[in-house]
Amino acid sequence: MLDDKVIVLFRNIRQVILAERWFVDNKLPVKVIPVPKPYSSECGMCLEVTKEDMKMLEQFANSKGMIIRIKTTNNPDPTTDYTNVTKRHQ
Amino acid sequence: MNLYFDNCATSFPKPSAVAEAISKHLNETGGTYGRSAYPRILNSTRLVEQCRDLLAEKMGTKEAGKIIFSANATTALNLMIHGICKKGGHVLTSAMEHNAIARPLEHLRQMGMIEWELLDSSPDGTILTDRIAGKLRPNTILVAVCHMSNVNGMAQSPGAIKQAIGEIPLLIDASQSLGSHPVEVDRWGADFLAFTGHKSLMGPTGTGGAFIRYPEMVEPLIYGGTGSGSDSLSMPSFVPDRFEAGTPNITGIHGLNAALQNIPAPQHTRDDFAALLQEVKQNKNYVVRCAADFDQQGKLFSVVHNSLSSSELAQRFYEDYGIECRAGLHCAPLAHRHLGSFPGGDCRFSLSPYHMPEELNFLAKAIHDVGR
C-alpha cells in the first residue's frame, strides 16, 4: 500500500499507461488500479500514487497535454470537485 | 531458395518473433485492452501502447496518441474518407489509386455526396505538383493519394503535394510504403495516413490503422464501447478512443509489435535491386512498369509481355520456376488505365528484405527465359 496516496484519473487508457511508464522510469512508486466506483467510469484503470509526487506528475501531464483528475483516497465522496489540476490542464 | 515475390499482397516469411508473440498471447498471457486493471490486462495494454509508440517512430510523428488501430488499411481509409467528406465537397486523388481509395470516393459520388477527379500526373503516375493549384476549387475538402503505387512501385512526394494544397487536408495511403520506404508524416505536414501491418511492416493480417491529426474533422465509422466515458451514449471526442470502438485485434497487435522490434536487415542491397530492374528492362518483349526515377522506386515492379497475358506469365513463373507472383489488376484499375495496361493488367513482383542477391538473380533469369 502506498502511504499518503491519491488517485489520479485519466481521460483514456493510453494516458494511464504513459503516466505509469513515467513513474516507473523515474523510480517513483505507482500502482495501476481499477477506477474506484465513486469516482467515474472514465476508463477501467487509474493510478494510485503518493501525494508528494503529484507536482512532478502535473508537470509531466502538462508537457503531454494530458487532462488529469485527482482524488484523495481518504475522501472518496463523489460530489467532491476535481482539483484545479483539471482546469489547468484543460 | 525464397521464391515468394508477392510481398506487397502480404509479406512472407515474417520474422519468427511474430508467430511467437501471437502464440504467447493466445496460449500463455492472454488479456484484453484496458477495461480493468489486473496484471493480465495491464500487460496486454502496455504492449498495445508500446506498439502505438513504435508505429509513431516508424511513420515519423511525435503524436503517437493519434494513431488508431483498425482491421486493415482499407477500413482506415473508409473511416477517414467517409468521416471527412461532407455533402457538396470536391476531392482530388491520383491516377495511381488502389480501390481502397477509389471505391469509397466513387460510392460517395454515386450517393450524390461529393465530386472527385484525378490530379495530373507524368507517365509513371508521379503527380505533377505544379499543376495541383489549377485543380483546386473553393469546395475542395480533401486530397487523398497513395504514397507508393502497388502496381509500379512509384512513390509520390507527399511533402510537395501538401505544399501545393496548403490547408486542404492531405490523406496518404501508406499501405505499400510504411516499413520499406521513408514515411515522415510530421515533416510532410500530412493530416491523415492509413497503414497496414501485414505488408512491409511484416506483421500479421488483420492489423492496420490510421494516423488522424485532426480527430475533430472525422466522424467515427464504428460506434460502440471504448472503456472510456462509459456513462455517455456518445462516442468520446478524444483519440484513440473515438475511433477504436470494440475490442481491438489484441492478438494481432502482439504480432505487429514483435514485427516492429524485429525488422530484418535487408539481405540484398539497393544496387542489387537496381541491377535486377536493369536486367529485366533488357528484354524487349516486356514493358516494365516502374518509377521513371529510381530514387522514387519502391520494392515492387510489374511487367507486361507483348504476347503472353499476365495470367499466362504468372502460371509459367510458378509452374516452371516455382516463383510466386501476382497477375491481374491488383485492385488498381485507375493505375492500369493510366499506365495503359487496362483491362489485361500485368504481372507483379515484390521483394522482401529476406531475399538474397542470388534469389534476385534467379528471378531476373526466369523473367528473361519466360519472356523469350
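Which residues of helix H4 (residues 99-110) of chain B are buried? They are Asn99(B), Ala100(B), Ile101(B), Ala102(B), Pro104(B), Leu105(B) and Leu108(B), where buried means under 20% relative accessible area (1.4 Å probe, protein chains only).

This is a predicted model, in which local features need pLDDT of at least 70 and side-chain atom pairs count only at pLDDT 80 or more. Residues are numbered from 1 along each chain as its sequence is written, and chains are lettered from A in the order in which they are written.

Back to H4(B): its buried residues pack against several elements of chain B, including helix H3 (73-84), strand S2 (89-93) and helix H10 (333-339). Contact here means heavy atoms within 4.5 Å. Helices (H or I, at least four residues) and strands (E, at least two) are DSSP runs, numbered from the N terminus. Just after H4(B), Gly112(B) takes a positive phi of about 80°.

Now for chain A. Four strands make an open sheet there, in the order S2-S3-S1-S4, with antiparallel pairing; two strands pair if DSSP finds at least two bridges between them. S2 (30-34) and S4 (68-72) of chain A are the edge strands, each pairing on one side only. Neighbouring strands are turned by 30° against each other on average, direction ignored. S2(A) is joined to S3 (residues 45-50) of chain A by five bridges, and Val30(A) has Val49(A) as its bridge partner in S3(A).

Two helices pack on this sheet:

| Helix of chain A | Touches | Angle of directions |
|---|---|---|
| H1 (residues 13-25) | S1 (5-10), S2 and S3 | about 30° with S3(A) |
| H2 (residues 54-64) | S1, S3 and S4 | about 165° with S4(A) |

Those angles run from 0 to 180 degrees between N-to-C directions, with axes as lines fitted to C-alpha atoms, for helices over the stretch in contact.

Definitions and conventions. Heavy atoms only, no water. Buried < 20%, exposed > 50% of the residue type's maximum accessible area, 1.4 Å probe, protein only.
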